[in-house]
Amino acid sequence: MATTPFFDIPAQPYTGEKARLSRAYDYLILVLALFLFIGAFHLHMALTVGDWDFWLDWKDRQWWPLLTPLMAITFPAAVQAVLWTHFRLPLGATLCMACLLIGTWITRVFAYHYWNYFPINMVLPATLMPSALVLDAILMLSNSLTVTSIFGGMSFALLFYPSNWPIFAMFHMPVEYGNAQLTLADVFGFQYIRAGSPEYLRIIERGTLRTYGQYATPLSAFCSALLCTLMYPLWWHLGKWFATIRYVKAI
Amino acid sequence: MLKRIKNLVGTVCLALSCLAVVPNSAFAHGEKALEPFIRMRTIQWYDVQFSQDKLAVNSEVAITGKFHVAEDWPSSVPKPDMAYLNVSTPGPVFIRTERYLNGQPWVSSAALKPGGDYDFKIVLKGRLPGRYHIHPFFNLHDAGAVMGPGHWVEVTGDAAAFSNTVKTLGGATIDMESVGFANGVSWHGLWIVLGTAWLLWWVRRPLFLPRYKMLQSGREQELITPLDKTIAKGILVVVPLFVFGAYALAESQYPNNIPLQTALDQIDPLPPVVNTSLVQIKVTRTEYHIAGRSMNMVAQIHNLSDQPVQIGEFTTANLRFINPAAGLPAKDQGDTMVAAKGLTVDDAQPIQPGETRTVRIAAADALWETEKLEGLFRDADSRMGGLLFLYDAGGKRYIASVSTAVIPKFD
């Protein structure tokens, strides 16, 4: 039962060849998980969040902070359900976000920039890494689905917009262009031609989710926080259902 | 074995040769796939010109032209309450620096009025060298894209020389090709490093089988150490503090930031250019002869102007049928969509002032088929539309937007 003072790793059940094989199995699973989550989570985000994450001039203060956390909490919840329930590994959300960012950056650089010629700054992705770190930490400390759903889900959504504002604030500088006031992001949308995406297709500042005293983002963020508290347990149970150990007889 | 190697080499060579013949840029934009009645009876383009065929990186080409919004707008196509004049290019090989509708700068979408006349100008700046087939076209909300005439334009020079700067209202000059990139990468890099550190903190230990076994044997408490908990508590405190601190810093750096803009532009049509009533035209019957690839119209023309006029051109869906008997100067820029002798009128004599005459007009050319317009009568809406151009001896032009049902002739 001796432990290494700093690294603090508890005594292991396997030693010798068993430990070596078990570690090889760890790496095998990690590599497979990496590719699986890069592909699956990236595809999920591209299909559900899509243009809001692709383009500067879609990252608005209303729909972007509402939809992105709501769609992004899905895979982390499912993966946490597996890794925490069976292995007490509090890294599901961070792992998902790392995989998402790998996939997203590969796509933005190679597909959007080199293949389709868009300047890379026009297609900068958003980050959800701070939200994921907090979600993992809350799950680990609480060891509770209910607490993580409520406080983790809310933190996940509420941290999204302020995490990304340091990246995107500069694109909201006002510009006089074509006898109108535009943001720098709007100018990108006008100048860099997207034949299939006219400006009117943007779903920004629409619908009944109006501003309150001209502040739209806090309303969207809290609305997203509420929905994330519901989305989290839903996907937790989906993850649990998919990762059944019914067929594992003995280890 | 040798045979296998030969097969492999052969396959690779075949694949490479296929790659070699793949064109570098797209030169068709799906315009033929759109139903003929939409192409003929929505946006009726004319006088579209490209200021040059060849330009250097950073130089500009202007696309100018006019269009009439058809009065006989198809009932199955939503009205053009939100329309965006776009340019079909293979990605941003140009940037669009200016756009005008009826002389008014225009950056967003606008409503178009059926029966309205408009002129437009789009200024493009060369960004990437290459030879591109480009079209002006309209994105119509809920209806799709209606292409204008296309043209080949070549951009020469060095892509690295491209520059694009914009001045903000605060007075800063922004390089659009690089603004925010280093900042974005830095923030992403920082969070990725922190996330990776958290992952490595856990991955350094034996993971799946040992942890599962320990959990099953009731040693759960050993799997999360006091140091792990301390770090997690640190994350809960430090990450939100850092996030909101950075947010406040960004706010103070850009205090005049504004939300993305969504307003539509309001642009009125020009004073009438088409159907001005000086020359009134009513097409009473139209037949399409499939074998002859000929659209034959019977039109009643009433000349209320003070000059004799004659029919010079019929244009529809970017096809132009020219009446050679009218003796008009060619203005087709080598366009393959022009049938230079495609229009004939049964009575070549000019229509005198005050005269009302019924004429038979035939627009015949293989273009009907190659542009996939001959399938009009197979559409649910089989009415045709287009613009008839008449000229007096002084070159003054009268334009009429015409439309009728089309009767196919199969023999």
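A: In this predicted model, the hairpin is made by β8(B) and β9(B), with 3 residues between the two strands. In its turn, B:D142 has a positive phi of about 70 degrees. Strand β8 covers residues 130-140 of chain B and strand β9 covers residues 144-147 of chain B; they pair in the antiparallel sense over 4 bridges. Within this pairing, B:F137 stands opposite B:M147 of β9(B).

Chain B also holds an open sheet of 9 strands with mixed pairing, in the order β17-β16-β15-β20-β21-β13-β14-β19-β18. At its edges stand β17 (338-339) and β18 (343-345) of chain B; each has a single partner strand, so one side of each is left without a neighbour in the sheet. Strand β13 (residues 279-289) of chain B runs antiparallel to strand β14 (residues 294-303) of chain B, and 10 bridges join them. Here B:V283 stands opposite B:A299 in β14(B).

Helix α8 (residues 160-168) of chain A packs with helix α6 (residues 226-253) of chain B at an angle of about 40 degrees, the axes being 8 Å apart. The two helices are therefore oblique to each other, and their crossing is left-handed. From α8(A), the residues A:P162, A:S163, A:W165 and A:P166 meet B:V243, B:F244, B:A246, B:Y247, B:L249 and B:A250 of α6(B). The residues of this contact divide into 9 nonpolar, 1 polar and no charged.

How values were computed
Residues are numbered from 1 along each chain as its sequence is written. Chains are lettered from A and ligands numbered from 1 in the order in which they are written. This is a predicted model: local features need pLDDT of at least 70, side-chain atom pairs count only at pLDDT 80 or more; totals for chains, interfaces and linings use all residues. Two strands pair if DSSP finds at least two bridges between them. Axes are lines fitted to C-alpha atoms, for helices over the stretch in contact, and angles run from 0 to 180 degrees between N-to-C directions. Angles under 35 degrees count as roughly parallel, over 145 as roughly antiparallel, 65 to 115 as roughly perpendicular and the rest as oblique. A crossing is left-handed if the near helix is turned anticlockwise from the far one by less than a right angle, and right-handed if clockwise. Two residues are in contact if their C-beta atoms, placed from the backbone, lie within 7 Å. Ala, Val, Leu, Ile, Met, Phe, Trp, Tyr, Cys and Pro count as nonpolar, Asp, Glu, Lys and Arg as charged, and the others, Gly among them, as polar.
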